[in-house]
Amino acid sequence: MRVNMRGAAALAAFGVIALAGCSSDRGGETEADPASTSTAGAAGGEICIEEGAAIGVALPQKTSENWVLAEQLFNEGLTEAGFEPIVQFGNSGVTEQQNQIAAMIEQDAQVIVVGAIDGSQLGTQLERAKETGASVIAYDRLVLNTEAVDAYIAFDNFRVGVLQGEALLQGLAERKGEGPYNIELIAGSSDDANSTPFFEGAMSVLQPKIDDGTLTVVSGQTSFEQAATAGWQAQNAQTRMDTIMSGSYSGDTELHGILSPNDTLARAALTSVDQAGKDTPVITGQDSEVESVKSIVDGEQYSTIYKDTRELVAQTIASVEELAACGEIPVNDTEQYDNGVKVVPAFLLDPKIVTQENAAEVYADDATLGPLTEG
Ligand code: GAL
């Protein structure tokens, strides 16, 4: 699934989008009922979403720690904001997620927040949500090929890839001496709309170095399709790396670096390289998972990306509160994320690169990851 990207265009000036008024199914604009003005009312006390209203949050699968944390934060944050959260994982796959969204609509969810397993397979359900007057927010992962998405709230995924590509080059120079270097490429799951911008961002940095001979992908597997990892499953990445190690690195050929799109796949790749008896390569990651942060501090994994899930969830809940007060979803980019039928207005947060050098500083106020003991 390739998302039509405009590349890393500069973010548009901070803007907001005016969303259609409240649902026709709900009898149009909700009159400001004095009894309900205690809810998330705008300055004028206008209410579009009543206190205690259901807010659906359809999450994908627990393929990394960030999703587990998101579930907890959405439940806590939406309850605290006075809503009734319906937060569910589509553990068994796309069909389950489709059914969950349909059920949320039946439960009169006023906003559907969706972290899609496969963003191209939710059009029917989200179009129904819009018919009922609900708003639809794509969370972390873009929803594709449908008009039925009002906004996208995520860390800038193309930027994530650029940071990973830059970190790989920096790590090679720091740890592997002079080039040229042998590398391999791993991409995320092709049904995750993020996987393409991650890969394209990284390749925008690495391709020129492949072209000039600084980097060689010894296996020859340089396309997104060849590098993709079904379902973000660690075992799939490890099995693919096992085949590459035996096929391309059996003799004295060294593997100097690996582009990995997230931490779970990075650790799987490191296991494969270790089992092949080769030195630890410079390897990137994403999500600041506990085990990988430890590996980075210990000097093994080279880098990860910090995308503070607390920020992403807070921005999403703040958007729900804006809608509740008949306001608008804040956006800061109206150019980059074309979902195949529309450019989806987005609020993009800034991802941070983390290496051994800055880990303690980056995680200083993160209760789970910090404060890190030095060294
Ligand atoms: C992506 C997310 C990444 C990583 C991946 C695997 O959508 O943006 O941070 O978590 O899923 O779970």
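This passage looks at the ligand site and then at the disulfide. The model is a predicted one, and what is reported here comes from its atoms.

To start with the setting, the ligand is found in the largest cavity. Two domains have a hand in the site: domain 1 (4-156 + 308-350) and domain 2 (158-306 + 355-373) each put residues into the shell around the ligand, so the ligand ends up between them. In total, 14 residues surround the ligand, and T63, S64, R141, D192 and D287 are the closest.

In the case of T63, a polar side-chain atom sits 2.6 Å from a ligand oxygen. For K307, an N or O atom of the side chain lies 2.9 Å from an oxygen atom of the ligand. Q286 also takes part, with an N or O atom of its side chain 3.4 Å from a ligand oxygen. As for cover, the ligand on its own has 300 Å² of accessible area, and the protein covers 100% of it.

The partners are C48 and C326, with an S to S distance of 2.2 Å. The torsion about the S-S bond of C48 and C326 comes out at about 110 degrees, which means that this disulfide is right-handed.

Note on methods:
Residues numbered from 1 in each chain as written. Predicted model: local features only at pLDDT ≥ 70, side-chain atom pairs only at ≥ 80, totals over all residues. Heavy atoms only, no water. Near = heavy atom within 4 Å. Polar contact = N/O pair within 3.5 Å; in protein donor to acceptor, adjacent residues only side chain to side chain. Areas by Shrake-Rupley, 256 points an atom, 1.4 Å probe, with all protein chains shown as cover. 1 Å grid on protein atoms, 1.4 Å probe; cavity = no way out; pocket = protein on both sides within 12 Å on 5 of 7 lines; lining within 4 Å. Sits in = over half its atoms within 2 Å of the grid points. Domains from an automatic or database assignment. Disulfide = S-S within 2.5 Å.
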